[in-house]
Amino acid sequence: MARARRRRVDPEKSGITVFRALAGIVLPLVGLLAKIEIQGEENLPEEGPYVLAPNHYSEFDPLVVCVALWRLGRAPRFMAKESLFRIPVVGWALRVTGMVPVPRAASSVAAKHTLDTARHLVERGAGITVYPEGTLTRDPDMWPMRGKTGAARLAMAGDIPLIPAAHWGVQEIMPRYGKLRLWPLRKRVTFAFGPALVIDEQAREHPNQTTEQSRVTAQLMDEIAELLAGIRNEPAPATRWNPNDHGQRETGRLEPEN
(Lines give C-alpha, C1' and ligand atoms only; values in the text may rest on other atoms or scores of the structure.)
Protein backbone atom coordinates (compact mmCIF):
# COMPACT_ATOMS: atom_id res chain seq x y z
CA MET A 1 0.00 0.00 0.00
CA ALA A 2 1.31 3.42 -0.96
CA ARG A 3 2.35 5.64 1.89
CA ALA A 4 0.36 8.82 2.49
CA ARG A 5 1.89 11.77 0.72
CA ARG A 6 3.40 14.45 2.93
CA ARG A 7 3.45 18.04 1.77
CA ARG A 8 2.74 21.57 2.87
CA VAL A 9 -0.72 22.22 4.28
CA ASP A 10 -3.18 23.79 1.82
CA PRO A 11 -2.72 27.42 0.77
CA GLU A 12 -5.42 28.93 2.98
CA LYS A 13 -3.26 30.16 5.87
CA SER A 14 -6.06 31.28 8.19
CA GLY A 15 -5.75 29.37 11.43
CA ILE A 16 -2.80 27.22 10.34
CA THR A 17 -0.89 28.06 13.52
CA VAL A 18 -3.87 26.90 15.57
CA PHE A 19 -4.22 23.82 13.38
CA ARG A 20 -0.58 22.92 13.95
CA ALA A 21 -0.94 23.34 17.70
CA LEU A 22 -4.03 21.14 17.71
CA ALA A 23 -2.36 18.60 15.43
CA GLY A 24 0.51 18.34 17.90
CA ILE A 25 -2.01 17.12 20.46
CA VAL A 26 -4.57 15.23 18.38
CA LEU A 27 -2.29 13.23 16.07
CA PRO A 28 -0.30 11.44 18.82
CA LEU A 29 -3.47 10.70 20.83
CA VAL A 30 -5.38 9.33 17.84
CA GLY A 31 -2.25 7.45 16.81
CA LEU A 32 -2.29 5.59 20.11
CA LEU A 33 -5.83 4.36 19.49
CA ALA A 34 -5.91 3.92 15.72
CA LYS A 35 -3.54 2.64 13.07
CA ILE A 36 -4.98 4.49 10.08
CA GLU A 37 -4.36 3.08 6.61
CA ILE A 38 -5.25 5.40 3.73
CA GLN A 39 -6.43 4.21 0.33
CA GLY A 40 -7.13 6.28 -2.78
CA GLU A 41 -5.13 9.28 -1.61
CA GLU A 42 -4.68 10.31 -5.25
CA ASN A 43 -8.40 11.14 -5.35
CA LEU A 44 -8.05 14.03 -2.89
CA PRO A 45 -7.02 17.22 -4.74
CA GLU A 46 -3.59 18.43 -3.70
CA GLU A 47 -4.83 22.01 -3.96
CA GLY A 48 -8.01 23.90 -4.67
CA PRO A 49 -11.50 23.47 -3.23
CA TYR A 50 -13.29 20.20 -2.62
CA VAL A 51 -16.26 18.85 -0.66
CA LEU A 52 -15.44 15.61 1.17
CA ALA A 53 -18.42 13.38 2.01
CA PRO A 54 -17.59 10.48 4.37
CA ASN A 55 -19.82 7.94 6.12
CA HIS A 56 -20.62 8.55 9.78
CA TYR A 57 -21.19 5.82 12.36
CA SER A 58 -19.19 6.83 15.45
CA GLU A 59 -18.77 10.00 17.45
CA PHE A 60 -15.02 9.38 17.21
CA ASP A 61 -14.77 9.24 13.43
CA PRO A 62 -14.39 13.02 12.85
CA LEU A 63 -10.96 12.70 14.48
CA VAL A 64 -10.05 10.00 11.96
CA VAL A 65 -11.15 12.29 9.13
CA CYS A 66 -8.99 15.06 10.57
CA VAL A 67 -5.90 12.86 10.80
CA ALA A 68 -6.35 11.46 7.28
CA LEU A 69 -6.69 14.94 5.77
CA TRP A 70 -3.80 16.38 7.76
CA ARG A 71 -1.51 13.52 6.71
CA LEU A 72 -2.34 14.35 3.09
CA GLY A 73 -1.54 18.02 3.55
CA ARG A 74 -5.07 19.45 3.66
CA ALA A 75 -6.42 21.39 6.64
CA PRO A 76 -9.48 19.57 8.05
CA ARG A 77 -12.54 21.82 8.08
CA PHE A 78 -16.15 20.87 8.77
CA MET A 79 -19.61 22.32 8.59
CA ALA A 80 -20.64 22.97 12.23
CA LYS A 81 -23.84 24.00 13.97
CA GLU A 82 -24.11 27.78 14.20
CA SER A 83 -24.85 27.56 17.94
CA LEU A 84 -21.34 26.21 18.59
CA PHE A 85 -19.85 29.47 17.33
CA ARG A 86 -21.49 31.32 20.22
CA ILE A 87 -19.66 29.29 22.87
CA PRO A 88 -16.68 31.17 24.38
CA VAL A 89 -13.28 29.82 23.31
CA VAL A 90 -14.92 27.06 21.24
CA GLY A 91 -16.44 29.65 18.91
CA TRP A 92 -13.11 31.43 18.57
CA ALA A 93 -11.30 28.17 17.72
CA LEU A 94 -13.95 27.28 15.12
CA ARG A 95 -13.73 30.67 13.47
CA VAL A 96 -9.95 30.93 13.40
CA THR A 97 -9.59 27.44 11.89
CA GLY A 98 -12.08 28.22 9.14
CA MET A 99 -14.98 26.00 10.20
CA VAL A 100 -18.25 26.94 8.51
CA PRO A 101 -21.40 27.65 10.57
CA VAL A 102 -24.64 26.03 9.44
CA PRO A 103 -27.66 28.24 10.16
CA ARG A 104 -31.05 26.87 11.10
CA ALA A 105 -33.06 29.18 8.90
CA ALA A 106 -35.62 29.44 6.16
CA SER A 107 -34.84 27.84 2.81
CA SER A 108 -34.05 31.18 1.13
CA VAL A 109 -31.47 32.02 3.80
CA ALA A 110 -30.03 28.51 3.61
CA ALA A 111 -29.72 28.78 -0.17
CA LYS A 112 -27.81 32.07 0.12
CA HIS A 113 -25.58 30.53 2.78
CA THR A 114 -24.78 27.64 0.44
CA LEU A 115 -23.79 30.01 -2.36
CA ASP A 116 -21.68 32.16 -0.02
CA THR A 117 -19.91 29.08 1.37
CA ALA A 118 -19.21 27.71 -2.11
CA ARG A 119 -17.80 31.08 -3.20
CA HIS A 120 -15.61 31.18 -0.07
CA LEU A 121 -14.19 27.71 -0.78
CA VAL A 122 -13.44 28.53 -4.41
CA GLU A 123 -11.82 31.89 -3.65
CA ARG A 124 -9.58 30.46 -0.93
CA GLY A 125 -8.90 27.08 -2.51
CA ALA A 126 -10.12 25.42 0.66
CA GLY A 127 -11.73 22.04 1.26
CA ILE A 128 -14.53 21.17 3.62
CA THR A 129 -16.01 17.98 5.05
CA VAL A 130 -19.78 17.52 5.08
CA TYR A 131 -21.44 14.43 6.52
CA PRO A 132 -24.21 13.77 3.99
CA GLU A 133 -26.17 11.61 6.45
CA GLY A 134 -26.38 14.54 8.85
CA THR A 135 -26.02 12.26 11.89
CA LEU A 136 -24.77 8.78 12.80
CA THR A 137 -26.28 6.18 10.50
CA ARG A 138 -29.41 4.41 11.71
CA ASP A 139 -28.66 1.33 9.62
CA PRO A 140 -28.35 -1.59 12.10
CA ASP A 141 -25.30 -2.92 10.25
CA MET A 142 -23.76 0.55 10.03
CA TRP A 143 -23.98 0.91 6.26
CA PRO A 144 -24.55 4.47 5.01
CA MET A 145 -28.21 5.45 5.21
CA ARG A 146 -30.23 7.83 3.05
CA GLY A 147 -28.37 11.11 2.65
CA LYS A 148 -29.37 14.74 2.93
CA THR A 149 -28.64 17.13 0.09
CA GLY A 150 -26.21 19.51 1.83
CA ALA A 151 -22.97 18.12 0.39
CA ALA A 152 -24.40 17.87 -3.13
CA ARG A 153 -25.90 21.37 -2.97
CA LEU A 154 -22.59 22.86 -1.90
CA ALA A 155 -20.60 21.08 -4.60
CA MET A 156 -23.15 21.89 -7.32
CA ALA A 157 -23.40 25.56 -6.32
CA GLY A 158 -19.68 26.12 -6.76
CA ASP A 159 -18.86 23.44 -9.35
CA ILE A 160 -16.55 21.96 -6.71
CA PRO A 161 -15.24 18.36 -6.75
CA LEU A 162 -17.46 16.14 -4.58
CA ILE A 163 -15.30 13.39 -3.08
CA PRO A 164 -16.99 10.32 -1.54
CA ALA A 165 -15.08 8.68 1.28
CA ALA A 166 -15.54 5.72 3.59
CA HIS A 167 -13.80 4.34 6.63
CA TRP A 168 -14.17 1.27 8.80
CA GLY A 169 -12.74 0.13 12.13
CA VAL A 170 -13.63 3.17 14.25
CA GLN A 171 -16.50 1.19 15.83
CA GLU A 172 -13.86 -0.87 17.64
CA ILE A 173 -12.56 2.31 19.27
CA MET A 174 -15.94 3.89 20.02
CA PRO A 175 -19.14 2.04 19.14
CA ARG A 176 -22.06 4.02 17.82
CA TYR A 177 -23.37 6.01 20.82
CA GLY A 178 -21.08 3.89 23.01
CA LYS A 179 -18.09 4.48 25.26
CA LEU A 180 -14.46 4.90 24.28
CA ARG A 181 -12.48 1.64 24.28
CA LEU A 182 -8.83 2.28 25.06
CA TRP A 183 -7.56 -1.30 24.86
CA PRO A 184 -6.06 -2.80 22.81
CA LEU A 185 -4.20 0.16 21.39
CA ARG A 186 -3.58 0.83 17.70
CA LYS A 187 -6.73 -0.75 16.30
CA ARG A 188 -6.75 -0.92 12.52
CA VAL A 189 -8.83 1.72 10.73
CA THR A 190 -9.02 1.89 6.94
CA PHE A 191 -9.89 5.19 5.24
CA ALA A 192 -10.64 5.28 1.50
CA PHE A 193 -11.03 8.32 -0.73
CA GLY A 194 -13.07 7.68 -3.87
CA PRO A 195 -12.85 9.47 -7.22
CA ALA A 196 -14.77 12.72 -7.50
CA LEU A 197 -18.40 12.13 -8.34
CA VAL A 198 -19.23 12.57 -12.01
CA ILE A 199 -22.10 15.08 -11.98
CA ASP A 200 -23.88 14.92 -15.32
CA GLU A 201 -24.76 17.87 -17.53
CA GLN A 202 -28.40 17.97 -16.47
CA ALA A 203 -27.49 18.37 -12.79
CA ARG A 204 -24.81 20.97 -13.56
CA GLU A 205 -27.30 23.02 -15.55
CA HIS A 206 -29.92 22.92 -12.77
CA PRO A 207 -27.93 23.07 -9.50
CA ASN A 208 -30.82 24.65 -7.56
CA GLN A 209 -33.46 22.08 -8.45
CA THR A 210 -34.28 19.85 -5.49
CA THR A 211 -34.88 16.86 -7.78
CA GLU A 212 -31.35 17.15 -9.17
CA GLN A 213 -29.85 17.68 -5.72
CA SER A 214 -31.65 14.57 -4.46
CA ARG A 215 -30.52 12.54 -7.46
CA VAL A 216 -26.87 13.53 -7.01
CA THR A 217 -27.16 12.79 -3.28
CA ALA A 218 -28.51 9.30 -3.97
CA GLN A 219 -25.60 8.72 -6.37
CA LEU A 220 -23.17 9.98 -3.72
CA MET A 221 -24.53 7.63 -1.04
CA ASP A 222 -24.27 4.68 -3.41
CA GLU A 223 -20.62 5.53 -4.08
CA ILE A 224 -19.88 5.79 -0.36
CA ALA A 225 -21.58 2.43 0.22
CA GLU A 226 -19.50 0.81 -2.53
CA LEU A 227 -16.29 2.20 -1.06
CA LEU A 228 -17.27 0.81 2.33
CA ALA A 229 -18.13 -2.56 0.77
CA GLY A 230 -14.60 -2.74 -0.59
CA ILE A 231 -13.13 -2.06 2.84
CA ARG A 232 -15.46 -4.48 4.62
CA ASN A 233 -15.11 -7.08 1.86
CA GLU A 234 -18.84 -7.71 1.78
CA PRO A 235 -21.65 -6.48 -0.47
CA ALA A 236 -23.49 -3.30 0.46
CA PRO A 237 -27.29 -3.31 0.70
CA ALA A 238 -29.01 -2.61 -2.61
CA THR A 239 -30.85 0.39 -1.12
CA ARG A 240 -29.99 2.90 1.59
CA TRP A 241 -31.65 2.66 4.99
CA ASN A 242 -34.52 5.14 5.41
CA PRO A 243 -35.21 5.97 9.09
CA ASN A 244 -38.78 7.04 8.28
CA ASP A 245 -39.58 3.53 7.04
CA HIS A 246 -38.55 2.11 10.41
CA GLY A 247 -40.19 4.57 12.77
CA GLN A 248 -36.88 6.25 13.62
CA ARG A 249 -36.08 9.91 14.07
CA GLU A 250 -33.54 11.26 11.61
CA THR A 251 -31.79 13.36 14.27
CA GLY A 252 -30.92 12.88 17.92
CA ARG A 253 -29.38 9.98 19.74
CA LEU A 254 -30.48 6.37 19.57
CA GLU A 255 -30.11 3.93 22.44
CA PRO A 256 -26.44 3.09 23.10
CA GLU A 257 -25.19 -0.21 21.74
CA ASN A 258 -23.20 -2.65 23.86
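Is Glu 212 buried or exposed at 4% relative accessibility? Select this residue to begin: Glu 212 counts as buried, where buried means under 20% relative accessible area, exposed over 50%, and partly exposed in between (1.4 Å probe, protein chains only).

The model is predicted: local features need pLDDT of at least 70, side-chain atom pairs count only at pLDDT 80 or more, and totals for chains, interfaces and linings use all residues. Residues are numbered from 1 along each chain as its sequence is written, and side-chain values use heavy atoms, with hydrogens and water left out.

**The whole chain**

Seven helices and seven strands are present; helices (H or I, at least four residues) and strands (E, at least two) are DSSP runs, numbered from the N terminus. Traced from the N terminus, the elements follow the order α-β-β-α-β-α-β-α-β-α-β-β-α-α.

Next, colour the chain by accessibility. Of its 258 residues, 50% are buried. The accessible surface is about 13100 Å², and carbon and sulfur atoms contribute 55% of that area; the areas come from the Shrake-Rupley method with a 1.4 Å probe, and for residues only the protein chains shown count as cover. Among contacts (heavy atoms within 4.5 Å) with a separation of 6 or more, 76% join residues 24 or more positions apart.

**Salt bridges**

Four salt bridges are found in a search of the whole structure; the term denotes a side-chain nitrogen of Lys or Arg within 4 Å of a carboxyl oxygen of Asp or Glu. Three of these stops follow.

Arg 215, at 35% relative accessibility, is partly exposed, whereas Glu 212 is buried at 4%.

Now select Asp 222 and Arg 240. The closest N and O atoms of this salt bridge are 2.5 Å apart. Asp 222 is in helix H7 and Arg 240 in the segment after H7, so the pair ties together parts 18 residues apart in sequence. Asp 222 has a relative accessible area of 36% and is partly exposed; Arg 240, with 17%, is buried.

Finally, select Arg 232 and Glu 234. Here the closest N and O atoms of the salt bridge lie 3.2 Å apart. Arg 232 is buried at 14% relative accessibility, while Glu 234 is partly exposed, its relative accessible area being 37%.
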